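Subject: A structure for you to look at

Hi,

Here is the structure I promised to pass on. Have a look at it in your viewer first, then read my notes below.

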There are 2 protein chains.
Amino acid sequence: MTAPDIDVLCIGNAIVDVIARVDEGFIEKHGLVKGSMNLIDEVRAELLYADMGQAIEVSGGSAGNTAAGVASFGGRAAYFGKVKADQLGHIYRHDMRAQGVRFDSGAASEGPATARSFILVTPEGERTMNTYLGACVNLTTADINADVVSAAKVTYMEGYLWDRPAAKEAFKLAAKIARAQDRLTSITLSDSFCVERHRESFLELIRNDIDLIFANESEIKSLYQTQNFDGAMQAIRKDCPIAVLTRSAAGCVVVKGSETLSAPAYPVNKVIDVTGAGDLFAAGFLFGFTANRPLAHCAQLGALAAAEIISHIGARPEVNLKAHARAVGLL
Amino acid sequence: MTAPDIDVLCIGNAIVDVIARVDEGFIEKHGLVKGSMNLIDEVRAELLYADMGQAIEVSGGSAGNTAAGVASFGGRAAYFGKVKADQLGHIYRHDMRAQGVRFDSGAASEGPATARSFILVTPEGERTMNTYLGACVNLTTADINADVVSAAKVTYMEGYLWDRPAAKEAFKLAAKIARAQDRLTSITLSDSFCVERHRESFLELIRNDIDLIFANESEIKSLYQTQNFDGAMQAIRKDCPIAVLTRSAAGCVVVKGSETLSAPAYPVNKVIDVTGAGDLFAAGFLFGFTANRPLAHCAQLGALAAAEIISHIGARPEVNLKAHARAVGLL
């Protein structure tokens, strides 16, 4: 087996974010739950878009954001995801490669358009996502390039993939290949409602095939169906070698066997848009982790990247995270 | 003749801006002149894009930005411009209508894609534009809806249209219809190199068919081939009923017959991206003008809108300009 030449391989839904600021009334009018991620069909997507104000388009997708973040820190990142061969797909591929992410998954030549998530940002910076998965439905086991998986220290996957049966199979295949090569596997639970939809199969996967899990407070509570954070933390301690539990402004807790450590959130002047906070936390953590930094340092890098992303619109870093981390003494 | 039910009709190249931050080295490497607008072909567009970093996409186009600004002030705005029936064209139309602009020009069903301008923003906030006109080449006299022109108090057109013969004819037809209906015509000179390319025909148009001209210092100097601003100002005074001459941080000068008035620029904390400064100045001015405000007040509204646009990335307002103007006591 050759030495890994990729630090983090991310697998997820390749989505272009369409972001608009809205007021509370818009959220109410459309019967949305603030802070949630909703899967919508094409008809609903057009209806919602027609009613939304002027928007900006930025490449997104949870694991895609993480890959971009790892690369921005100077890590070697790769990405598997499915776009269509259309204008938005072209933009998505450009943005990944421009950030230095290896992204060779073929584009679909037919079928639905490249996925879009209509992200509504309310004045306090919370985001409500409405995702039309489009071409992502075409992500299958055929897109799992075993050579790339084998070359990656960590294969990181978003829980959102679980919403499509073919993507779930692709995800499981990637985990199997990675473990057969003695590489590490990682997952983010993505969203508490996503956990709700797939609790049993998530638990089975985590117990058997995952080395490192990322979850926020509501996701980990949902996984174990408890309102008690400490109870959930003790449960995941038994189920997964390393768990990184984020708690927004309260920072994060990392549990590894009998070890437990906490790290604070990084200060932010003003929260503009929380989209991508978890994705970029994972990016910083995984960058540090694959560079063999201590867990506490990984958590600090995660917190720094999350703070950068919530201080502006969009879920891709606006600064070079390596330079930023150096400037504040974290690298 | 019925009363006009549109305040400002804007006609221009319908362009989606693809904006990335770059350093000075990138400008040098590609042999670009900072602050300029360059027309590029599809091959050059792809080469430049492939070398650019991660970008964001925002609807733009000079006169399109002005229409969006007029609507944001609460003015009744309409727009003529040509997109293709593709994803970016769909986005462009959405953004115009979402801002409240009437935009009914048909989309081209074949031919080149919707236009993109690759806008490179250097650290001090200057922008260098590289525009692939794409579907804009299909704007012709057939797109000039005489009913809409007749219904508009002012028909405002960008000088950039002059770069395509068919668009130039469309522009001249619109001016002719407007004047036949006793409506006002307005033009922006757009860019000093654009003036360089079309000086004689611009002068002929201005002397015969334009009521209100917008130009910045370098454009008006280029028009009269002089390095002396005062000389250019005296020349335009004879050639056009009203001239609005902008001078960046030094504010603007409005000349109308023997009258001359100056207005300061509106203060800005930090210049992030100057793209759209002139377009939004024109929006504020035209909004005030069509609401019968005194010229000094029109200039203040223009300065306010310009200040808003240069304080963030992208050339479409991020706030409601009417509310903003009210908050600072200008409306």
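The notes below go through what was found, starting with how the chains meet.

A word on conventions: residues are numbered from 1 along each chain as its sequence is written, while chains are lettered from A and ligands numbered from 1 in the order in which they are written. This is a predicted model, where local features need pLDDT of at least 70, side-chain atom pairs count only at pLDDT 80 or more, and totals for chains, interfaces and linings use all residues.

**How the two chains meet**

Between the chains, 18 residues of chain A are in contact with 19 residues of chain B (contact: C-beta atoms, placed from the backbone, lie within 7 Å). On the chain A side, β4 (56-59) and α4 (87-98) each supply at least two residues, and α4(A) gives the most, with six. Those element names come from DSSP runs, numbered from the N terminus: helices are H or I with at least four residues, strands are E with at least two. By class, that side of chain A has eight nonpolar, six polar and four charged residues. Here Ala, Val, Leu, Ile, Met, Phe, Trp, Tyr, Cys and Pro count as nonpolar, Asp, Glu, Lys and Arg as charged, and the others, Gly among them, as polar.

How are the two copies related?

**A helix pair in chain A**

Next, find α10 (residues 277-290) and α11 (residues 295-309) of chain A: they pack at an angle of about 145°, with their axes 7 Å apart. Axes are lines fitted to C-alpha atoms, for helices over the stretch in contact, and angles run from 0 to 180 degrees between N-to-C directions. The residues of this contact divide into 16 nonpolar, four polar and one charged.

**The sheet in chain B**

Eight strands of chain B form an open, mixed sheet in the order β5-β1-β8-β9-β10-β11-β12-β13 (strands pair if DSSP finds at least two bridges between them). Its edge strands are β5 (77-80) and β13 (259-263), each pairing on one side only. The twist averages 15° from one strand to the next.

At one end, β1 (residues 6-11) and β5(B) pair in the parallel sense over four bridges, and B:Leu9 has B:Ala78 as its bridge partner. By contrast, β11(B) and β12(B) are antiparallel over five bridges, as are β12(B) and β13(B). In the hairpin of β12(B) and β13(B), with two residues between the strands, B:Gly257 takes a positive phi near 55°.

Is β12(B) enclosed or open? Four of its five residues are buried, so β12(B) is largely enclosed by the rest of the structure. (A residue is buried if 20 or more other C-beta atoms, placed from the backbone, lie within 10 Å of its own, exposed if 12 or fewer, and partly exposed in between.)

Happy browsing!

Methods
Contact = placed C-beta atoms within 7 Å.
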